[in-house]
Amino acid sequence: MLQIVSVEREKFLDFVETQPYRNFLQYPSWADLKSEWKWLHEFLGWATKDGKLVGGAVVLYRKVPGLNKYLAYIPRGPMIDWFSSYSLTDWFHPLFHHLKNRNVFSVKIDPPLVSKKWSANRISQAVQEFKSHGLKNKRLTDILPDQVFNAVEYVKQELAEMGWRQNGGEDSFDTVQPQFVFRLNMKGKSLEQIFSGFHPDWQQRIRDAENSGVHVYLGTENDLPEFHELLSLTAKREQSNVRDVSYFEKMFETLVLENPYRIRLYLARKDNQLLSASLAVRVDGHTWDLYNARRSDSYEDPSAYLLRWKMIQDAYRHGDTIFDFRGISTVLDENNRLFELLQFKMGFGGEACQFMGEWDYPVIPMLHWAFDMYMKSR
(Lines give C-alpha, C1' and ligand atoms only; values in the text may rest on other atoms or scores of the structure.)
Protein backbone atom coordinates (compact mmCIF):
# COMPACT_ATOMS: atom_id res chain seq x y z
CA MET A 1 0.00 0.00 0.00
CA LEU A 2 1.47 3.34 -1.07
CA GLN A 3 0.70 6.64 0.59
CA ILE A 4 1.22 10.23 -0.54
CA VAL A 5 3.56 12.30 1.61
CA SER A 6 4.86 15.85 1.45
CA VAL A 7 8.62 15.85 0.82
CA GLU A 8 11.10 18.46 1.97
CA ARG A 9 12.89 20.29 -0.81
CA GLU A 10 16.40 18.86 -0.29
CA LYS A 11 15.13 15.32 0.12
CA PHE A 12 13.05 15.69 -3.03
CA LEU A 13 16.06 17.00 -4.96
CA ASP A 14 18.14 14.05 -3.80
CA PHE A 15 15.38 11.67 -4.88
CA VAL A 16 14.96 13.14 -8.38
CA GLU A 17 18.70 12.90 -8.98
CA THR A 18 18.42 9.10 -8.71
CA GLN A 19 15.53 8.70 -11.15
CA PRO A 20 16.08 7.26 -14.65
CA TYR A 21 13.40 9.56 -16.12
CA ARG A 22 14.66 12.73 -14.41
CA ASN A 23 14.13 15.93 -16.35
CA PHE A 24 14.39 19.64 -15.60
CA LEU A 25 10.60 20.05 -15.37
CA GLN A 26 10.56 17.84 -12.26
CA TYR A 27 13.25 19.74 -10.35
CA PRO A 28 12.44 22.21 -7.53
CA SER A 29 14.07 25.07 -9.46
CA TRP A 30 11.47 24.80 -12.23
CA ALA A 31 8.68 24.96 -9.67
CA ASP A 32 10.33 28.07 -8.21
CA LEU A 33 10.35 29.67 -11.65
CA LYS A 34 6.68 28.94 -12.21
CA SER A 35 5.77 30.39 -8.80
CA GLU A 36 6.72 33.79 -10.22
CA TRP A 37 3.86 33.37 -12.71
CA LYS A 38 0.97 32.49 -10.38
CA TRP A 39 1.58 28.76 -10.08
CA LEU A 40 1.62 27.22 -6.61
CA HIS A 41 3.61 24.04 -6.16
CA GLU A 42 4.08 21.06 -3.90
CA PHE A 43 6.75 18.33 -3.71
CA LEU A 44 4.92 15.05 -3.28
CA GLY A 45 6.23 11.53 -2.75
CA TRP A 46 4.90 7.99 -2.77
CA ALA A 47 6.05 6.12 0.32
CA THR A 48 5.78 2.49 1.37
CA LYS A 49 4.51 1.41 4.78
CA ASP A 50 8.03 1.52 6.17
CA GLY A 51 8.51 5.09 4.94
CA LYS A 52 10.70 4.36 1.92
CA LEU A 53 10.31 6.94 -0.84
CA VAL A 54 9.63 5.14 -4.14
CA GLY A 55 8.09 7.90 -6.27
CA GLY A 56 7.90 11.66 -6.52
CA ALA A 57 6.25 14.53 -8.37
CA VAL A 58 6.47 18.29 -8.64
CA VAL A 59 2.80 19.25 -8.74
CA LEU A 60 1.90 22.71 -10.04
CA TYR A 61 -1.43 24.24 -9.00
CA ARG A 62 -3.35 27.00 -10.80
CA LYS A 63 -6.35 28.59 -9.10
CA VAL A 64 -9.46 29.05 -11.22
CA PRO A 65 -10.62 32.71 -11.08
CA GLY A 66 -13.68 33.18 -8.91
CA LEU A 67 -13.60 29.66 -7.45
CA ASN A 68 -11.73 28.00 -4.63
CA LYS A 69 -10.79 25.23 -7.04
CA TYR A 70 -7.53 24.33 -8.74
CA LEU A 71 -6.08 22.73 -11.82
CA ALA A 72 -3.11 20.47 -11.10
CA TYR A 73 -0.32 19.73 -13.56
CA ILE A 74 2.62 17.32 -13.29
CA PRO A 75 4.97 18.25 -16.17
CA ARG A 76 6.89 15.31 -17.68
CA GLY A 77 5.98 13.23 -14.68
CA PRO A 78 5.33 11.77 -12.24
CA MET A 79 8.68 10.20 -11.40
CA ILE A 80 7.45 6.70 -10.57
CA ASP A 81 8.43 3.18 -11.60
CA TRP A 82 5.79 2.75 -14.30
CA PHE A 83 6.66 -0.94 -14.77
CA SER A 84 6.92 -2.05 -11.13
CA SER A 85 4.85 -4.69 -9.34
CA TYR A 86 2.53 -1.89 -8.18
CA SER A 87 -0.48 -1.32 -10.40
CA LEU A 88 -1.21 2.15 -11.74
CA THR A 89 -4.22 2.34 -9.39
CA ASP A 90 -1.80 1.76 -6.48
CA TRP A 91 0.10 4.85 -7.62
CA PHE A 92 -2.75 7.12 -8.64
CA HIS A 93 -5.65 6.49 -6.25
CA PRO A 94 -3.71 7.93 -3.25
CA LEU A 95 -2.77 10.89 -5.46
CA PHE A 96 -6.42 11.52 -6.43
CA HIS A 97 -7.43 11.45 -2.76
CA HIS A 98 -4.71 13.98 -1.90
CA LEU A 99 -5.61 16.27 -4.80
CA LYS A 100 -9.29 16.21 -3.95
CA ASN A 101 -8.44 17.38 -0.43
CA ARG A 102 -6.48 20.22 -2.08
CA ASN A 103 -9.63 21.34 -3.96
CA VAL A 104 -8.29 20.10 -7.28
CA PHE A 105 -10.98 19.24 -9.83
CA SER A 106 -8.73 18.18 -12.72
CA VAL A 107 -5.15 16.89 -13.01
CA LYS A 108 -2.95 16.78 -16.10
CA ILE A 109 0.16 14.65 -16.61
CA ASP A 110 2.51 14.04 -19.53
CA PRO A 111 4.55 11.00 -18.49
CA PRO A 112 8.26 10.86 -19.39
CA LEU A 113 7.84 7.62 -21.36
CA VAL A 114 8.78 7.29 -25.03
CA SER A 115 6.44 4.99 -26.96
CA LYS A 116 8.00 5.08 -30.45
CA LYS A 117 11.25 6.05 -32.20
CA TRP A 118 12.19 6.84 -35.80
CA SER A 119 15.81 7.14 -36.93
CA ALA A 120 16.86 10.14 -39.02
CA ASN A 121 17.77 7.78 -41.86
CA ARG A 122 14.34 6.12 -41.87
CA ILE A 123 12.59 9.51 -41.95
CA SER A 124 14.78 10.75 -44.81
CA GLN A 125 14.14 7.61 -46.86
CA ALA A 126 10.40 7.76 -46.26
CA VAL A 127 10.20 11.43 -47.27
CA GLN A 128 11.94 10.61 -50.57
CA GLU A 129 9.59 7.67 -51.17
CA PHE A 130 6.52 9.82 -50.47
CA LYS A 131 7.87 12.41 -52.89
CA SER A 132 8.65 9.88 -55.66
CA HIS A 133 5.10 8.52 -55.46
CA GLY A 134 3.51 11.97 -55.36
CA LEU A 135 2.04 11.40 -51.90
CA LYS A 136 0.99 14.55 -50.03
CA ASN A 137 -0.01 15.53 -46.49
CA LYS A 138 2.09 12.78 -44.92
CA ARG A 139 3.23 12.95 -41.31
CA LEU A 140 5.87 11.29 -39.18
CA THR A 141 3.23 8.94 -37.80
CA ASP A 142 2.65 7.55 -41.33
CA ILE A 143 6.17 6.04 -41.21
CA LEU A 144 6.78 2.63 -39.66
CA PRO A 145 8.81 3.29 -36.47
CA ASP A 146 12.22 1.74 -35.85
CA GLN A 147 11.09 0.90 -32.32
CA VAL A 148 7.71 0.50 -30.62
CA PHE A 149 7.75 0.09 -26.85
CA ASN A 150 4.82 -2.22 -26.14
CA ALA A 151 5.17 -1.83 -22.37
CA VAL A 152 4.43 1.88 -22.79
CA GLU A 153 1.45 1.07 -25.01
CA TYR A 154 0.17 -1.09 -22.16
CA VAL A 155 0.57 1.83 -19.72
CA LYS A 156 -1.59 3.94 -22.05
CA GLN A 157 -4.21 1.20 -22.06
CA GLU A 158 -4.18 1.03 -18.26
CA LEU A 159 -4.56 4.80 -17.92
CA ALA A 160 -7.55 4.80 -20.28
CA GLU A 161 -9.19 2.00 -18.30
CA MET A 162 -8.75 4.05 -15.11
CA GLY A 163 -10.62 6.99 -16.63
CA TRP A 164 -7.71 9.09 -17.84
CA ARG A 165 -8.36 10.79 -21.17
CA GLN A 166 -5.56 11.39 -23.65
CA ASN A 167 -5.49 15.00 -24.79
CA GLY A 168 -4.26 14.45 -28.33
CA GLY A 169 -3.63 17.30 -30.75
CA GLU A 170 -3.06 17.28 -34.48
CA ASP A 171 0.59 18.13 -34.09
CA SER A 172 3.38 18.03 -31.53
CA PHE A 173 2.94 21.62 -30.35
CA ASP A 174 -0.79 21.29 -29.60
CA THR A 175 0.00 20.14 -26.05
CA VAL A 176 1.74 21.90 -23.15
CA GLN A 177 4.97 19.96 -23.72
CA PRO A 178 5.87 18.71 -27.22
CA GLN A 179 4.78 15.12 -27.75
CA PHE A 180 7.45 14.60 -30.43
CA VAL A 181 11.09 15.51 -29.81
CA PHE A 182 14.40 14.89 -31.55
CA ARG A 183 17.29 13.40 -29.58
CA LEU A 184 20.90 12.52 -30.19
CA ASN A 185 21.96 9.46 -28.19
CA MET A 186 25.68 9.77 -27.44
CA LYS A 187 26.04 6.73 -25.19
CA GLY A 188 29.08 4.61 -25.99
CA LYS A 189 30.30 6.92 -28.75
CA SER A 190 33.37 9.11 -29.10
CA LEU A 191 33.10 12.72 -30.23
CA GLU A 192 34.65 11.68 -33.53
CA GLN A 193 31.95 9.05 -34.02
CA ILE A 194 29.24 11.58 -33.12
CA PHE A 195 30.57 14.10 -35.64
CA SER A 196 30.89 11.46 -38.35
CA GLY A 197 27.19 10.68 -37.82
CA PHE A 198 26.24 14.18 -38.96
CA HIS A 199 25.11 14.68 -42.56
CA PRO A 200 28.13 15.63 -44.75
CA ASP A 201 26.56 19.04 -45.48
CA TRP A 202 26.20 19.67 -41.74
CA GLN A 203 29.85 18.79 -41.19
CA GLN A 204 30.86 21.21 -43.96
CA ARG A 205 28.75 24.05 -42.55
CA ILE A 206 30.40 23.60 -39.17
CA ARG A 207 33.82 23.89 -40.84
CA ASP A 208 32.63 26.88 -42.87
CA ALA A 209 31.54 28.68 -39.69
CA GLU A 210 34.89 28.02 -38.01
CA ASN A 211 36.85 29.13 -41.07
CA SER A 212 34.80 32.30 -41.47
CA GLY A 213 35.57 33.47 -37.94
CA VAL A 214 32.34 32.57 -36.10
CA HIS A 215 33.09 32.34 -32.39
CA VAL A 216 30.87 30.40 -29.98
CA TYR A 217 31.13 31.14 -26.26
CA LEU A 218 29.17 30.97 -23.02
CA GLY A 219 27.26 34.08 -22.06
CA THR A 220 26.10 35.34 -18.67
CA GLU A 221 22.92 36.89 -17.35
CA ASN A 222 24.24 40.21 -18.67
CA ASP A 223 23.83 38.85 -22.21
CA LEU A 224 20.16 37.94 -21.76
CA PRO A 225 18.77 41.25 -23.16
CA GLU A 226 20.72 40.73 -26.41
CA PHE A 227 19.64 37.09 -26.52
CA HIS A 228 16.03 38.14 -25.99
CA GLU A 229 16.28 40.70 -28.78
CA LEU A 230 17.39 37.96 -31.19
CA LEU A 231 14.70 35.62 -29.85
CA SER A 232 12.06 38.30 -30.46
CA LEU A 233 13.32 38.80 -34.01
CA THR A 234 13.04 35.06 -34.66
CA ALA A 235 9.54 34.93 -33.15
CA LYS A 236 8.36 37.83 -35.29
CA ARG A 237 9.68 36.12 -38.42
CA GLU A 238 7.99 32.84 -37.48
CA GLN A 239 4.79 34.59 -36.32
CA SER A 240 5.01 33.11 -32.84
CA ASN A 241 4.99 34.58 -29.34
CA VAL A 242 7.91 35.09 -27.00
CA ARG A 243 7.99 35.67 -23.26
CA ASP A 244 9.22 38.91 -21.75
CA VAL A 245 12.93 39.17 -20.97
CA SER A 246 12.10 39.12 -17.25
CA TYR A 247 11.06 35.46 -17.60
CA PHE A 248 14.50 34.48 -18.89
CA GLU A 249 16.25 36.58 -16.26
CA LYS A 250 14.26 34.82 -13.55
CA MET A 251 14.92 31.43 -15.17
CA PHE A 252 18.65 32.07 -15.17
CA GLU A 253 18.63 33.26 -11.56
CA THR A 254 16.48 30.38 -10.27
CA LEU A 255 18.17 27.49 -12.06
CA VAL A 256 21.73 28.67 -11.38
CA LEU A 257 20.88 28.92 -7.69
CA GLU A 258 20.01 25.22 -7.63
CA ASN A 259 23.04 24.17 -9.69
CA PRO A 260 25.57 26.41 -11.48
CA TYR A 261 25.56 23.99 -14.44
CA ARG A 262 21.76 23.73 -14.70
CA ILE A 263 21.44 26.45 -17.36
CA ARG A 264 23.86 27.85 -19.94
CA LEU A 265 23.58 30.55 -22.58
CA TYR A 266 25.42 29.88 -25.86
CA LEU A 267 26.18 32.75 -28.22
CA ALA A 268 27.61 32.59 -31.76
CA ARG A 269 29.13 35.86 -32.86
CA LYS A 270 31.06 37.15 -35.87
CA ASP A 271 32.56 40.63 -36.21
CA ASN A 272 30.74 41.77 -33.06
CA GLN A 273 27.33 40.72 -34.41
CA LEU A 274 25.28 38.06 -32.62
CA LEU A 275 24.24 35.54 -35.30
CA SER A 276 22.63 32.76 -33.30
CA ALA A 277 22.04 31.83 -29.68
CA SER A 278 20.59 29.10 -27.51
CA LEU A 279 19.57 28.65 -23.90
CA ALA A 280 20.40 25.11 -22.75
CA VAL A 281 19.14 23.37 -19.61
CA ARG A 282 20.92 20.37 -18.14
CA VAL A 283 20.44 17.68 -15.52
CA ASP A 284 22.93 14.87 -14.97
CA GLY A 285 22.99 12.81 -18.18
CA HIS A 286 20.75 14.99 -20.34
CA THR A 287 21.01 18.43 -22.01
CA TRP A 288 18.09 20.22 -23.68
CA ASP A 289 18.32 22.90 -26.38
CA LEU A 290 15.44 24.80 -24.78
CA TYR A 291 15.22 28.22 -26.47
CA ASN A 292 17.09 29.15 -29.62
CA ALA A 293 17.23 32.04 -32.06
CA ARG A 294 19.09 33.08 -35.18
CA ARG A 295 19.48 36.30 -37.13
CA SER A 296 19.32 34.72 -40.57
CA ASP A 297 16.04 33.71 -42.16
CA SER A 298 17.75 30.63 -43.61
CA TYR A 299 18.38 27.31 -41.85
CA GLU A 300 21.60 27.13 -43.87
CA ASP A 301 23.28 29.80 -41.71
CA PRO A 302 26.56 28.08 -40.65
CA SER A 303 26.65 29.75 -37.22
CA ALA A 304 23.63 27.71 -36.04
CA TYR A 305 25.41 24.46 -36.93
CA LEU A 306 28.62 25.38 -35.13
CA LEU A 307 26.61 26.54 -32.11
CA ARG A 308 24.89 23.13 -31.82
CA TRP A 309 28.19 21.28 -32.28
CA LYS A 310 29.74 23.25 -29.41
CA MET A 311 26.69 22.51 -27.24
CA ILE A 312 26.91 18.80 -28.07
CA GLN A 313 30.62 18.77 -27.23
CA ASP A 314 30.00 20.46 -23.87
CA ALA A 315 27.19 18.01 -23.02
CA TYR A 316 29.44 15.09 -23.91
CA ARG A 317 32.31 16.40 -21.78
CA HIS A 318 29.96 16.79 -18.81
CA GLY A 319 29.11 13.11 -19.12
CA ASP A 320 25.68 13.48 -20.71
CA THR A 321 24.43 10.66 -22.94
CA ILE A 322 21.46 12.50 -24.46
CA PHE A 323 21.44 15.81 -26.32
CA ASP A 324 17.82 16.84 -26.75
CA PHE A 325 16.83 19.18 -29.59
CA ARG A 326 13.32 19.37 -28.07
CA GLY A 327 10.13 19.72 -30.09
CA ILE A 328 9.55 18.80 -33.72
CA SER A 329 6.48 18.86 -35.93
CA THR A 330 5.13 15.68 -37.52
CA VAL A 331 4.64 17.52 -40.83
CA LEU A 332 6.68 16.04 -43.71
CA ASP A 333 5.88 18.63 -46.37
CA GLU A 334 9.19 19.96 -47.72
CA ASN A 335 7.58 23.35 -48.39
CA ASN A 336 6.50 23.76 -44.77
CA ARG A 337 8.69 25.78 -42.37
CA LEU A 338 8.02 23.23 -39.64
CA PHE A 339 9.57 20.52 -41.79
CA GLU A 340 12.64 22.70 -42.23
CA LEU A 341 13.05 22.65 -38.44
CA LEU A 342 12.82 18.85 -38.39
CA GLN A 343 15.27 18.59 -41.28
CA PHE A 344 17.76 20.84 -39.48
CA LYS A 345 17.70 18.61 -36.39
CA MET A 346 17.81 15.37 -38.41
CA GLY A 347 21.11 16.40 -39.99
CA PHE A 348 22.83 15.88 -36.63
CA GLY A 349 21.88 12.18 -36.67
CA GLY A 350 19.76 10.90 -33.84
CA GLU A 351 16.13 9.94 -33.73
CA ALA A 352 12.61 11.30 -33.42
CA CYS A 353 10.87 10.18 -30.22
CA GLN A 354 7.16 10.13 -29.49
CA PHE A 355 6.12 10.47 -25.85
CA MET A 356 2.98 8.73 -24.68
CA GLY A 357 1.23 12.08 -24.60
CA GLU A 358 -0.75 14.35 -22.34
CA TRP A 359 -3.47 12.86 -20.11
CA ASP A 360 -6.27 14.47 -18.06
CA TYR A 361 -8.17 12.98 -15.14
CA PRO A 362 -11.43 14.39 -13.71
CA VAL A 363 -10.83 14.41 -9.95
CA ILE A 364 -14.26 16.07 -9.61
CA PRO A 365 -16.01 14.94 -12.85
CA MET A 366 -18.77 17.56 -13.03
CA LEU A 367 -16.42 20.50 -12.52
CA HIS A 368 -13.91 18.97 -14.94
CA TRP A 369 -16.63 18.66 -17.60
CA ALA A 370 -17.93 22.21 -17.04
CA PHE A 371 -14.44 23.70 -17.25
CA ASP A 372 -13.67 21.65 -20.37
CA MET A 373 -16.81 22.96 -22.07
CA TYR A 374 -15.92 26.53 -21.09
CA MET A 375 -12.41 26.23 -22.54
CA LYS A 376 -13.70 24.76 -25.80
CA SER A 377 -16.21 27.60 -26.19
CA ARG A 378 -13.60 30.37 -25.84
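The legends below describe close-up views of a predicted model.

**View 1. Helix α9 and the elements around it.**
Helix α9 covers residues 245-258, 14 residues in total. From first C-alpha to last, α9 reaches 21 Å, close to the 20 Å expected at 1.5 Å a residue. Its buried residues are Tyr-247, Phe-248, Met-251, Phe-252, Thr-254, Leu-255 and Glu-258. Three helices pack against these buried residues: α1 (9-17), α2 (28-35) and α8 (224-238). Strands β11 (263-270), β12 (273-283) and β13 (286-294) pack against them too.

**View 2. The crossing of helices α7 and α10.**
A pair of packed helices is described by the angle and the distance between their axes. Here the axes of α7 (residues 200-211) and α10 (residues 302-317) come within 8 Å. They cross at roughly 100°. The two helices are therefore roughly perpendicular to each other. On the α7 side, the contact is made by Trp-202, Arg-205, Ile-206, Ala-209 and Glu-210. On the α10 side, Pro-302, Ser-303, Tyr-305, Leu-306, Trp-309 and Lys-310 meet them. By class, this contact has seven nonpolar, one polar and three charged residues.

**View 3. Arg-205 in helix α7.**
Arg-205 is found in α7 and belongs to the contact with α10. Its relative accessibility is 16%. Buried means under 20%, so Arg-205 counts as buried. Neighbours within four places in sequence are left aside here. Beyond them, Arg-205 is in contact with Glu-300, Pro-302 and Tyr-305.

Helix α4 runs over residues 120-132 and has 13 residues. Its span from first C-alpha to last is 19 Å, close to the 18 Å expected at 1.5 Å a residue. Ala-120, Ile-123, Ala-126, Val-127 and Phe-130 are its buried residues. Gly-134 follows α4 and has a positive phi, near 70°.

**View 4. The cis peptide bond at Pro-78.**
Most residues other than glycine have a negative phi, and most peptide bonds are trans. The bond from Gly-77 to Pro-78 is cis, with omega near 5°. Pro-78 sits in the loop between β4 (70-74) and α3 (88-101).

**View 5. Asn-103, a residue with positive phi.**
Asn-103 is not a glycine, yet its phi is positive, about 65°. It lies in the loop between α3 and β5 (104-109). Asn-103 is partly exposed, with a relative accessible area of 25%.

**View 6. Arg-326, a residue with positive phi.**
Arg-326 also is not a glycine and has a positive phi of about 65°. Arg-326 is found in strand β14 (residues 322-327). Its relative accessibility is 16%. The cut-off for buried is under 20%, so Arg-326 counts as buried.

Key. Residues numbered from 1 in each chain as written. Predicted model: local features only at pLDDT ≥ 70, side-chain atom pairs only at ≥ 80, totals over all residues. Heavy atoms only, no water. Helix = DSSP H or I, 4+ residues; strand = E, 2+ residues; numbered from the N terminus. Expected span 1.5 Å × (residues − 1). Buried < 20%, exposed > 50% of the residue type's maximum accessible area, 1.4 Å probe, protein only. Contact = heavy atoms within 4.5 Å. Axes fitted to C-alpha atoms, helices over the stretch in contact; angles between N-to-C directions. Parallel < 35°, antiparallel > 145°, perpendicular 65-115°, else oblique. Nonpolar A, V, L, I, M, F, W, Y, C, P; charged D, E, K, R; others polar.
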